[in-house]
Amino acid sequence: QVQLVESGGGLVQAGGSLSISCVGSGSTSGLNGMGWYRQAPGKQREFVAGISRGGMTRYQDSVQGRFTISRHNAKNTVYLQMNNLKPEDTAVYYCYAGDSDGDYWGQGTQVTISS
């Protein structure tokens with residue numbers, strides 16, 4: 001089993017920046033993909049960004065060029081640097097990770113962008 005804990009959410013004005021991180025613990029040696037989803041009130045959870053163990057990244061179109069995902073394999077940590085934030089980025093951000101046994105999710109961290 002893998003446990004994921006996010007941190008770093010908060011309130012920021014539009015145009016500002018915020019960084020969130022997620023640390024994995026437990027049986028982390030087999031983790032491959034890690035990344036972030038988000039869920040805004042009344043909406044479905046959506047993919048934001050993902051990164052492979054080898055560092056390949058992909059992003060949702062709406063955050064491309066504004067968000068940067070990175071990871072530190074030895075620390076079992078994935079980061080999301082968010083710049084030029086917009087009110088529509090407001091959501092609970094969930095960390096995920098996957099291995100051969102399945103997918104794991106964090107509890108979520110709230111990110112709120114004020115206009």
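A disulfide is a pair of cysteine sulfur atoms within 2.5 Å. The legends below refer to a predicted model.

**View 1. The disulfide between C22 and C95.** The structure holds one disulfide. C22 and C95 are its two cysteines, with an S to S distance of 2.1 Å. The torsion about their S-S bond is about -75 degrees, so the disulfide is left-handed. C22 belongs to strand 3 (residues 18-26) and C95 to strand 9 (residues 91-99), so the bond ties together parts that are 73 residues apart in sequence.

View 2. Residues count as buried when their relative accessible area is under 20%. C22 has a relative accessible area of 0% and is therefore buried. C95 is also at 0% relative accessibility, so C95 counts as buried.

**View 3. The open sheet with strand order 1-3-8-7.** Four strands form this open sheet, and their pairing is antiparallel. Strand 1 (2-7) and strand 7 (67-72) stand at the edges. Each of these edge strands has a single partner strand, so one side of each is left without a neighbour in the sheet. On average, neighbouring strands of the sheet are turned by 15 degrees against each other, direction ignored.

**View 4. Pairing of strand 1 with strand 3.** Strand 1 and strand 3 run antiparallel and are joined by six bridges. Within this pairing, V5 stands opposite V23 of strand 3. Strand 3 also contains C22, one of the two cysteines of the disulfide.

Conventions: Residues are numbered from 1 along each chain as its sequence is written. This is a predicted model: local features need pLDDT of at least 70, side-chain atom pairs count only at pLDDT 80 or more; totals for chains, interfaces and linings use all residues. Side-chain values use heavy atoms; hydrogens and water are left out. Helices (H or I, at least four residues) and strands (E, at least two) are DSSP runs, numbered from the N terminus. Buried means under 20% relative accessible area, exposed over 50%, partly exposed in between (1.4 Å probe, protein chains only). Two strands pair if DSSP finds at least two bridges between them. Axes are lines fitted to C-alpha atoms, for helices over the stretch in contact, and angles run from 0 to 180 degrees between N-to-C directions.
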